[in-house]
Amino acid sequence: MSLVAQARASALRLIHRLAPESPWVHAQLGRAYGAAGREVLAMRHFREALRLERDHVPSLVGLAHSLVRQGRSSEAVPLYSRAMQQRP
């Protein structure tokens, strides 16, 4: 993980402590972990964001991307479809 990515992840973890119920924070943590190749953590945060807000588009797309990177495209398709229904 690059120094910039580490700093971003650290800042997001701090924000998460302040706003643990924010789908946006979880989505950003998911993106940061996904960019670092830490798909399990990325998916955990995307799923938590979706628990908090069922149709949170950035988390739907982020989780779908993580699934695709893991070769699980068939699981990603419904998530992409849900995202498109929210923002046609």
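Colleague: With which side chain does the side chain of serine 66 make a polar contact?

Modeller: This is a predicted model, and in it serine 66 has its place in helix H4. Leaving aside its neighbours within four places in sequence, serine 66 is in contact with Glu39, Ala42, Met43 and Phe46. Among these touching residues, the one whose side chain makes a polar contact with the side chain of serine 66, at 2.8 Å, is glutamate 39.

Colleague: Is serine 66 buried or exposed?

Modeller: A residue counts as buried when its relative accessible area is under 20%. The relative accessible area of serine 66 is 0%, and therefore serine 66 is buried.

Colleague: Are H3 and H4 roughly parallel or roughly antiparallel to each other?

Modeller: The axes of H3 and H4 come within 9 Å and cross at roughly 150°, and the crossing is left-handed. Angles over 145 degrees count as roughly antiparallel. The relation of H3 and H4 is therefore roughly antiparallel.

Colleague: How many nonpolar residues are in the contact of H3 with H4?

Modeller: On the side of H3, the contact of H3 with H4 is made by Glu39, Ala42, Met43, Phe46, Arg47, Ala49 and Leu50, while H4 brings Pro58, Ser59, Leu60, Gly62, Leu63, Ser66, Leu67 and Arg69. Sorted by class, three of these residues are polar and three are charged, and the number that are nonpolar is nine.

Colleague: With which side chain does the side chain of histidine 56 make a polar contact?

Modeller: Histidine 56 lies in the loop between H3 and H4, and with a relative accessible area of 8% it is buried. Leaving aside neighbours within four places in sequence, histidine 56 is in contact with Pro23, Trp24, Ala27, Ala49 and Leu50. The polar contact asked about, at 2.8 Å, joins the side chain of histidine 56 to the side chain of serine 59.

Colleague: Which backbone nitrogen does the side chain of serine 22 reach?

Modeller: Serine 22 sits in the loop between helix H1 (3–18) and helix H2 (23–35). Its relative accessibility is 18%, and serine 22 therefore counts as buried. At 3.2 Å, the side chain of serine 22 reaches the backbone nitrogen of valine 25.

Colleague: Are H2 and H3 roughly parallel or roughly antiparallel to each other?

Modeller: The axes of H2 and helix H3, which covers residues 39–52, come within 7 Å and cross at roughly 165°, and H2 passes H3 in a left-handed crossing. By class, the contact of H2 with H3 has nine nonpolar, four polar and three charged residues. As for direction, H2 and H3 are therefore roughly antiparallel.

Colleague: Which residues does histidine 45 touch, not counting residues up to four places away in sequence?

Modeller: Histidine 45 is found in helix H3, and because its relative accessibility is 13% it counts as buried. With residues up to four places away in sequence not counted, histidine 45 touches His26, Leu29, Gly30 and Tyr33.

Colleague: How many charged residues are in the contact of H4 with H5?

Modeller: The axes of helix H4 (residues 57–69) and helix H5 (residues 73–86) come within 8 Å and cross at roughly 160°, and the two helices are therefore roughly antiparallel to each other. Their crossing is left-handed. The contact of H4 with H5 divides into eleven nonpolar residues, three polar residues and, for the class asked about, charged residues numbering two.

Colleague: How far apart in space are glutamine 86 and aspartate 55, C-alpha to C-alpha?

Modeller: Glutamine 86 has its place in helix H5, and at 39% relative accessibility it counts as partly exposed. Not counting residues up to four places away in sequence, glutamine 86 touches Asp55 and Val57. Glutamine 86 and aspartate 55 are 31 residues apart in sequence, and their distance in space, C-alpha to C-alpha, is 7.3 Å.

How values were computed:
Residues are numbered from 1 along each chain as its sequence is written. This is a predicted model: local features need pLDDT of at least 70, side-chain atom pairs count only at pLDDT 80 or more; totals for chains, interfaces and linings use all residues. Side-chain values use heavy atoms; hydrogens and water are left out. Helices (H or I, at least four residues) and strands (E, at least two) are DSSP runs, numbered from the N terminus. Buried means under 20% relative accessible area, exposed over 50%, partly exposed in between (1.4 Å probe, protein chains only). A polar contact is a pair of N or O atoms within 3.5 Å; within protein, one must be able to donate a hydrogen and the other to accept it, and residues adjacent in sequence count only if both atoms are side-chain atoms. Axes are lines fitted to C-alpha atoms, for helices over the stretch in contact, and angles run from 0 to 180 degrees between N-to-C directions. Angles under 35 degrees count as roughly parallel, over 145 as roughly antiparallel, 65 to 115 as roughly perpendicular and the rest as oblique. A crossing is left-handed if the near helix is turned anticlockwise from the far one by less than a right angle, and right-handed if clockwise. Ala, Val, Leu, Ile, Met, Phe, Trp, Tyr, Cys and Pro count as nonpolar, Asp, Glu, Lys and Arg as charged, and the others, Gly among them, as polar. Contact means heavy atoms within 4.5 Å.
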